[in-house]
Amino acid sequence: MSSSSLHRQAVAQIDRGADLIGLAPQYRAILGQPKNEVIVNFPVQLDDGTWRSVRGYRIQHNNILGPFKGGMRFDEGVDLDEVKALAAWMTIKCSLVGLPLGGAKGGVAIDPSALSEDELRRVVRRFTAALGSNIGPDHDIPAPDMGTDARVMDWMMDTYANMSGPERRNSVKGVVTGKSIICGGSVGREEATGRGVLYALRHWCGEHDRVLDGLDIVVQGFGNVGRHFARLAAESGARIIAVGDHTGAIGDPSGLDVHKLGLHVDEHRGVAGFGAADVIDDLFAVEADVVAPCALENQITESVARNLRCEVVVEGANGPTTPEADAVLAGAGIDVIPDVLANAGGVIVSYFEWLQNRSARAWSADDVDERQRSMMWDAADAVSAAAAEYGASYRDAAYAVALARLADTYDRRGIFP
Ligand code: NAD
């Protein structure tokens, strides 16, 4: 984590949206802090027989719209401040796209790539047990995020099911989303976030008289989000001219072969060393139409923003652009399609998975895609309309739309007691 507080950054973003709609002070106060902060420390035995104490988090930001919902991040750098920010962004995201879900986020401060499969499974099972009834299919529903995947979600679900008693074993599958399909996952969930990033970009293209075909795109991150986004964008005719990750950055002005790059990353765990490309020193200085940060937060800082040469930034990652960079980009006329809209495809299809688990039915891929597209499109329309109405950036407009829905709900229900 950087020394500046990510949570303060999230609250500042909420405040900007709140100013636009004149949000009542009591709602600002509620949304300025998470509702619950759960921190657990638990022992895990490593393969060499030694024990390690591991810290895990589950931050439940708000549940006025529905059960808490949000990913679980496994990364050495996970800390309370980061998870609080990520949880707040989930509340805004779910509200913006019209889901009956609240916001949460969690994580474990470990590097999963440094663990064997057995060690990782022990971490997941013990973490899930430590969380106990703080999660549940009607209460708080985790999902994958950085460093976690369907395998981790399957273990979480299985652990929770085994702790729930035999009569509930099958009815609690919806305790997590992002599971493998055979364990109750949804078709389309794995690529949902990347697909949603592409829908958000397609919507922007429609409003700016551009088409995806022939766009030059730079992508940071080639994990779940970046990889699927890059593949789907390339399939739509865009050129992926540079890709960076934790191992370095590579590029080809005539467009990388994304499929071959995927095979290389599977084998070498990073883009570095991909033969059919040049090595790039400064990924964000590459001239392109679109820059898609799909890795970590705080990547596009003020100084990086000054060097960006693109028309639009589409935020696959959460929080990749600092507030100072936002101001620089606005001044330079570079649009930013904000994270709370651009990467909402993941939580939308997670919601579909949860619905399928509750009804014990499986939807078709076409059903999932069409419903996802329609929800993302409606949200993008609402953001564009609010941006025009308030003369605001897409980010501030997105917060205004999301906060208005939350405020309307609070107005009707009242604040307990
Ligand atoms: P992932 O673990 O699958 O992939 C992360 C990628 O980031 C990898 O390619 C890794 O090499 C790269 N990376 C890590 N450290 C880096 C560094 N220092 N510099 C450059 N690249 C680095 O994670 P993911 O699920 O793709 O998540 C990426 C981002 O998208 C996160 O911000 C996450 O919160 C957000 N997000 C994910 C989902 C989802 O469904 N997985 C949904 C919404 C938002």
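Helices (H or I, at least four residues) and strands (E, at least two) are taken as DSSP runs and numbered from the N terminus. The model is predicted, and in it local features need pLDDT of at least 70, side-chain atom pairs count only at pLDDT 80 or more, and totals for chains, interfaces and linings use all residues. Residues are numbered from 1 along each chain as its sequence is written, and side-chain values use heavy atoms, with hydrogens and water left out.

View 1. For background, most residues other than glycine have a negative phi, and most peptide bonds are trans.

**View 2. The open sheet of five strands**. The strand order is S1-S2-S4-S3-S5 and the pairing is mixed, two strands being paired if DSSP finds at least two bridges between them. Strand S1 (36–45) and strand S5 (140–144) are the edge strands, each of which pairs on one side only. Neighbouring strands of this sheet are turned by 20 degrees against each other on average, direction ignored (axes are lines fitted to C-alpha atoms, and angles run from 0 to 180 degrees between N-to-C directions). Within the sheet, strand S2 (residues 51–62) and strand S4 (residues 103–108) pair in the antiparallel sense over six bridges, and glutamine 60 has alanine 104 in S4 as its bridge partner.

**View 3. The open sheet of seven strands**. Here the order is S9-S8-S7-S6-S10-S11-S12, again with mixed pairing. Strand S9 (278–279) and strand S12 (335–337) stand at the edges with a single partner strand each, so one side of each is left without a neighbour in the sheet. Strand S10 (residues 290–293) pairs with strand S11 (residues 312–314) in the parallel sense over two bridges, and valine 290 stands opposite valine 312 in S11.

**View 4. The shell around the ligand**. The ligand is surrounded by 21 residues, of which Asp145, Thr193, Phe222, His246 and Asn318 are the closest; a residue is counted if one of its heavy atoms lies within 4 Å. The shell divides into seven nonpolar, 10 polar and four charged residues, where Ala, Val, Leu, Ile, Met, Phe, Trp, Tyr, Cys and Pro count as nonpolar, Asp, Glu, Lys and Arg as charged, and the others, Gly among them, as polar. At least three residues of the shell come from each of domain 1 (6–171) and domain 2 (192–337), with bounds from an automatic or database domain assignment.
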